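Here are a few exercises to work through with the model open beside you. Try each one before reading its solution.

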Amino acid sequence: VVAPLTTAVMVSAPDNQSGAASGVNNAASRLAGLFAIAIIGAVASVVYLGELKAIGIPLDDLRFGVLPDAGQTDHAVFEQAFLSAYQVALSIAAIWGVLAALTALAFMRPDHH
């Protein structure tokens with residue numbers, strides 16, 4: 001998505017504003033990535049800890065993605081909670097990708113030569 005967006009921004013900006021357009025485009029791209037990682041990570045953490053809490057595992061000193069050693073009895077429970085959180089995170093990323101593509105399609109203009 002970044003390359004076509006950069007092209008669209010640079011083509012639509014006047015030549016004397018190309019530096020500013022590039023800077024704004026770059027900053028917006030970085031901020032979007034930052035927010036996406038923060039939001040998806042937070043949601044995954046909530047899902048992970050919520051699943052563990054729902055089955056009665058105490059949440060004292062637990063952190064997202066930290067699993068007990070493979071030989072311990074609770075390992076499978078923690079692993080399943082992590083996989084559920086990971087699935088939710090990837091689903092959110094996929095949905096955002098589809099929404100970005102649909103938004104791009106909605107704003108595309110036909111090329112009239």
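**Exercise 1.** In which helix do phenylalanine 82 and tyrosine 86 lie, and how many residues apart are they?

First, some ground rules: this is a predicted model, where local features need pLDDT of at least 70, side-chain atom pairs count only at pLDDT 80 or more, and totals for chains, interfaces and linings use all residues. Residues are numbered from 1 along each chain as its sequence is written, and side-chain values use heavy atoms, leaving out hydrogens and water.

Now find the helix: both residues sit in helix 3 (residues 75-107), four residues apart, about one turn of the helix. Helices here are DSSP runs of H or I, at least four residues long, numbered from the N terminus.

**Exercise 2.** Work out how the rings of phenylalanine 82 and tyrosine 86 are arranged.

Step one: rings of Phe, Tyr and Trp (its six-membered ring) pair if their centres lie within 6.5 Å; planes under 30 degrees apart are stacked, over 60 edge-to-face, the rest tilted. That rule gives three aromatic pairs. Step two: the centres of phenylalanine 82 and tyrosine 86 are 6.1 Å apart and the planes are at 15°, so this pair is stacked. Step three: ring pairs join Tyr48, Phe64, Phe82 and Tyr86 into a cluster.

**Exercise 3.** Is asparagine 25 buried or exposed?

Start with the cut-offs: buried is under 20% relative accessible area, exposed over 50%, partly exposed in between (1.4 Å probe, protein chains only). Asparagine 25 has 11% relative accessibility, so it counts as buried. Its place is in helix 2 (residues 18-54).

Definitions and conventions. Helix = DSSP H or I, 4+ residues; strand = E, 2+ residues; numbered from the N terminus.
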